Amino acid sequence: MKNNKLIAEFMEINVVTLDNVRKNKNPYISSEDGYLEDDLKYHCSWDWLMPVVEKIENFGYEFIIVESRCYVKHNTDHSIEEVFHMEGDVCSKLKTTYEAVVEFIN
């Protein structure tokens with residue numbers, strides 16, 4: 001999933017390939033080495049996705065998650081400007097949040 005790799009780069013997490021592992025002749029990868037792209041779980045885990053939302057908020061944005069909608073707003077000169085909002089399926093708050101994170105990073 002290229003979007004997971006995009007998020008990992010935004011989070012300054014190293015994404016390693018199997019070729020990297022083979023070159024190092026080490027069959028084990030620790031989180032300090034990085035993650036294989038297939039092991040990134042931003043698309044299916046709140047535990048992975050929420051630190052990304054927090055990092056976005058640390059840049060001065062409001063990341064609002066309501067039902068199946070996400071709003072990203074930026075505080076500028078004491079006013080709040082909506083950067084974008086995303087709406088998804090009622091059953092998929094995680095998916096909508098994931099898509100909003102990807103849209104923000106892009």
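**Close-up views of helix packing around α4**

**View 1. Helix α3 against helix α4.** The axes of α3 (residues 46–58) and α4 (residues 93–105) cross at roughly 40° and come within 11 Å. This makes α3 oblique to α4; angles under 35 degrees count as roughly parallel, over 145 as roughly antiparallel, 65 to 115 as roughly perpendicular and the rest as oblique. Axes are lines fitted to C-alpha atoms, for helices over the stretch in contact, with angles running from 0 to 180 degrees between N-to-C directions. The model is predicted: local features need pLDDT of at least 70 and side-chain atom pairs count only at pLDDT 80 or more, while totals for chains, interfaces and linings use all residues. Residues are numbered from 1 along each chain as its sequence is written, and side-chain values use heavy atoms, with hydrogens and water left out. Helices (H or I, at least four residues) and strands (E, at least two) are DSSP runs, numbered from the N terminus.

**View 2. Residues between α3 and α4.** From α3, Trp 46, Leu 49, Val 52, Val 53 and Ile 56 meet Lys 93, Leu 94, Thr 97, Tyr 98, Val 101 and Phe 104 of α4; contact means heavy atoms within 4.5 Å. The residues of this contact divide into nine nonpolar, one polar and one charged (nonpolar: Ala, Val, Leu, Ile, Met, Phe, Trp, Tyr, Cys and Pro; charged: Asp, Glu, Lys and Arg; polar: the others, Gly among them).

**View 3. Helix α1 against helix α4.** The axes of α1 and α4 lie 10 Å apart, and the two helices pack at an angle of about 60°. They are therefore oblique to each other. Asn 3, Asn 4, Leu 6, Ile 7 and Phe 10 of α1 meet Tyr 98, Val 101, Val 102, Phe 104 and Ile 105 of α4.

**View 4. The buried face of α1.** Asn 4, Ile 7, Ala 8 and Phe 10 are buried in α1 (residues 2–10), where buried means under 20% relative accessible area, exposed over 50% and partly exposed in between (1.4 Å probe, protein chains only). Down the helix axis these residues fall within an arc of 160°, so they line one face of α1; the arc is that of the directions from the helix axis to the C-beta atoms. They pack against β1 (15–16), α3 and α4. Just after α1, Glu 12 has a positive phi of about 60°.

**View 5. Tyr 42 in the loop between β2 (35–36) and α3.** Tyr 42 is buried, with a relative accessible area of 2%. Beyond its neighbours within four places in sequence, its contacts include Asn 4, Ile 7 and Ala 8, as well as Leu 49, Val 52 and Tyr 98. The C-alpha atoms of Tyr 42 and Tyr 98 are 7.1 Å apart, with 56 residues separating them along the chain.
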